[in-house]
Structures are given as structure tokens and as C-alpha cells.
Amino acid sequence: MSLPVTITNLTKRFNDHVAVNDISLTIPQGQLFFLLGPSGCGKTTLLRSVAGFAKPEEGTIHFGDKDITNVAPHKRNCGFVFQNYALWPHMTVFDNVAYGLNVRKMTKADVQEKVQLALKMVRLETLCDRKPTQLSGGQQQRVALARALVITPDVLLLDEPLSNLDAKLRLEMRDEIRRIHSETGITTIYVTHEQKEALSLAQQVAIMNLGKIEQLGAPKDLYFNPANEFVANFIGETNMLKGSLEDSKHVCLPFGTLEVPIFSGPTEQDVKVSVRPESVRIHSSKKEGKNIFSATVENAIYLGEHEQVCLNLSDGTSLKVLAYDPGGNTHHEGESVWLEIPSTSVRVFAS
């Protein structure tokens, strides 16, 4: 049975560097939870602290009601999937998966049964006699996952598990991880710097930066309602424009006035406006309405399912736009167009 994880005021330092800075969060039982952020933000250190591989200077970690802050790693009943798989090269697939069970001194019959079930779960039951060097990267990752699952962990920890796979295998393994989590219901903490992995898999995401959590929420909430400029820039692509508030609903930009959702901060200040490229609409002729601006196409790149268009506005501002399912309506360099920025898709941050 999996357990919830509660982290309270956790701090981890390496000499003068604060890798994890007073973090508190609760991960409900059975949730697929992501720690997302750039390299060096502290996400792997936080994961390793949960696993017991890093000892925090301050704070506590609980699995359910049990304080495991000072419990040895091998007594925490965590399954850990390493970024580099960490498989024993001289052992067969079966023996790699069985390793944790043998350490626990289980009977041969129980080991046989549990390993076969774990390999069946990751769809490798026919490859149990092979060595890791005889497997593809995706198959090795499945072995590492089976080894973590076979011990029936209270918590499953995944450290950048797909980073060594090619694009196609990453997509396949995303589906497998989603399926396996759905079947097992194990509380899972997944570390990655890949936004699409988090957006497509997570139930909850904590976005980390400089050892702290910038925002915590469901993927859609983070994408459409970023708490600050860092989150807006890190999750997906955005056009970040500098301006000043005219009033609580209007921002003055160099190329015109933009109507925005009501901004609750002080009205006499500089701000930054976030506009997602896919939110902007391009029109060949002027359209009546708000937030309509003239522009010239600087370049357009056709990418199949969408076209990436770079627009120049009247003041020289560049704006990236993604036009999905362009068909034959592609744009060309020097073309005069009108762009529309829906006010509901705009987010405003204090500068």
C-alpha cells in the first residue's frame, strides 16, 4: 500500500550553497507528482533527500505518519529509478529485478513469482535471460522500473528516467509510466526538466527555482495561470513584453494599448505582459475589436501541424505566433497582416 509524503521546512546545503531552501509540501497518497525545473534548481537533491541519499540539515520527511528523516535508505521501502538505469551488467534481466527481493531474503518461490509479475507489468517477461547490454535503451529503462516496482514500494522515485532515450522512445515510455501508475496506484515523485513530460503525465507539479518552489498546481493551472515571470517563461513558450499600466485593465505597450484581465497590483508601475504564441490570431485584413494591431511577417517556418510565424510590430517589437493546422494558408516574408491578442490569454506581472 502506497503512502502520502509530507515534507516540512526541508533545507539541504552543500557547503555555502543552499540546494533546497525551506521547502514544505504534501504529496497525497497515490498521486503522480512532478518536480520540474532547470538544472541546478534543487529538484534532484530534494528527491535524494526523500530517498535518504542526502541528509537534510533542517526539516522533516514523513511517509504517512512515520517520520523517516533519519531512517536509512534501505529501510524506507522506496523504489528508485536512476537517470542512468544503474543495472548490473553481469546479471540477467531476471537477476537485476530480483536483487531487492534477494536482499530481503525472500524465498525462491516468492522471488520467482514477484519478478515475473513485475516483468509482465513492464512487458519484458520474454527477455528475463538477457543481459542489459543485449537490450535497447527503452528496454533497459523498463528493467530499472521493474526493479523499483518489484519490492512493492510505499513511494516510487524517478530521477529524469527518460532523459537518455530518443524522442520516439520517450513518448512510448510516457505512455508506459502512465499505464503502470494507473495500475499500481503508487505514490510517485518524478523529477524532470522536460516541460512536456510534466504537462502530459503529472497530476500535480511543483516548479522549482534556486532551491525554492515557485508555484504548485495542476499542469493546466500552471500553464494558463503562471504565478510569475519565471513560471510563464519556463512552462511552454511565451512572448514577454515590457509596458506600463494605464489603469487596472489596460497596459501601454510601445506598439499600442492592450486590454488585459484586471491587475490587482499598484497601477503606477512598470509591468511585463506574457502572451502565449498559440493565443495570437493572425488576420489578412483589419478586424473590428480590441487588441488588434498591424504587423509585418518577418519570417514563417512551416512545421507540418503548425506554422511558426515571427511578426514585426510598428515599433520594431518581434512577436512569435504559432498557427496550427495552417493547410495552404501559409504566410510569407514581408506580408502585411493584422494580429489579435485575446485579452483572456494575457497575463500581467509586476516588473
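Helix H4 (residues 137–149) lies across S6 and strand S7 (155–159), running at about 170 degrees to S6. Helices (H or I, at least four residues) and strands (E, at least two) are DSSP runs, numbered from the N terminus. Axes are lines fitted to C-alpha atoms, for helices over the stretch in contact, with angles from 0 to 180 degrees between N-to-C directions; contact means heavy atoms within 4.5 Å. The model is predicted: local features need pLDDT of at least 70, side-chain atom pairs count only at pLDDT 80 or more, and totals for chains, interfaces and linings use all residues. Residues are numbered from 1 along each chain as its sequence is written, and side-chain values use heavy atoms, with hydrogens and water left out.

An open sheet of mixed pairing is formed by six strands in the order S6-S7-S8-S3-S9-S10, two strands being paired if DSSP finds at least two bridges between them. Its edge strands, S6 (78–81) and S10 (212–217), each pair on one side only. Strand S9 (residues 204–209) runs antiparallel to S10 and is joined to S10 by five bridges; Ala206 stands opposite Leu216 in S10.

Helix H1 (residues 43–51) is largely enclosed by the rest of the structure, because seven of its nine residues are buried (under 20% relative accessible area, 1.4 Å probe, protein chains only). Among them are Leu46, Leu47 and Val50.

Asn77 is in the loop between strand S5 (66–67) and S6, whereas Tyr85 is in the loop between S6 and helix H2 (93–103). Tyr85 is buried, with a relative accessible area of 8%.

Technical notes. Buried < 20%, exposed > 50% of the residue type's maximum accessible area, 1.4 Å probe, protein only.
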